[in-house]
Amino acid sequence: MHVQEWLDTVPAAAVYAVVALVIGLESLGIPLPGEIILVSAALLSSQHGGIDPVVLGACASAGAVIGDSIGYAIGRKGGRPLLAWLGRKFPKHFSEGHVATAERSFQKWGMWAVFFGRFVALLRIFAGPLAGVLRMPYWKFLIANVLGGIVWAGGTTAVIYYVGVVAEDWLKRFSWLGLVVAVLIGIASMLIGKRRASKAQQTPEPVTAGE
């Protein structure tokens, strides 16, 4: 079943919880489709009066910040052996090449890698654990984590929500426009048909030579 269709079958409170949980686990370092869940829930909130986009954005932000913080703590405690273990368990996401790419980003950008990592699928999974492994000062990590989580989760929710509202409004107008056009075409066809029938009746039938 499509994600949005599934979310539409559960209560609003469950939607908030699922979004916060999935994003939190993804931020913690578990490869899950957090962005897909968030986008689907935000789009649903634009069509479903029971889901508040503000509450949804707050839950998504909380999940992102808390998940990243837990990931940081795990990474700081587990160190390099943790990355090696993750590489064996999730070779597609935690391969040596991916780890090396993420590590270069952290070494070059520091706390900005945590902030902007929110907007990149690969770094979103790595940000918390890798910042802990590299022993980034927690206060720097926390600032980037909170700001990145709020901007990404809140911003994504707001953008998708308003796009959904505008799209739905446009579709409603389009449906009315389509109805008006269909009616006009029907009336025009009827008038043209009557006009042709009238002309046909007024035209005298040709007289044959034998009459």
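Colleague: How many of the 13 residues of α7 are buried?
Modeller: This is a predicted model, in which local features need pLDDT of at least 70, side-chain atom pairs count only at pLDDT 80 or more, and totals for chains, interfaces and linings use all residues. Residues are numbered from 1 along each chain as its sequence is written, and side-chain values use heavy atoms, without hydrogens and water. Buried denotes under 20% relative accessible area with a 1.4 Å probe, protein chains only; among the buried residues of α7 are L123, F126 and V133. Helix α7 is mostly covered, the buried count being 11 of 13.

Colleague: At what angle do α2 and α7 pack?
Modeller: Helices are DSSP runs of H or I, at least four residues, numbered from the N terminus; here α2 covers residues 12–28 and α7 residues 121–133. Axes are lines fitted to C-alpha atoms over the stretch in contact, and angles run from 0 to 180 degrees between N-to-C directions. The axes lie 6 Å apart, and the packing angle is about 60°.

Colleague: Where in α7 does the kink lie?
Modeller: The bend at a residue is the angle between axes fitted to the seven residues ending there and the seven starting there. In α7 the kink is about 50° and comes shortly before the proline P129, at A127.

Methods. Helices (H or I, at least four residues) and strands (E, at least two) are DSSP runs, numbered from the N terminus. Buried means under 20% relative accessible area, exposed over 50%, partly exposed in between (1.4 Å probe, protein chains only).
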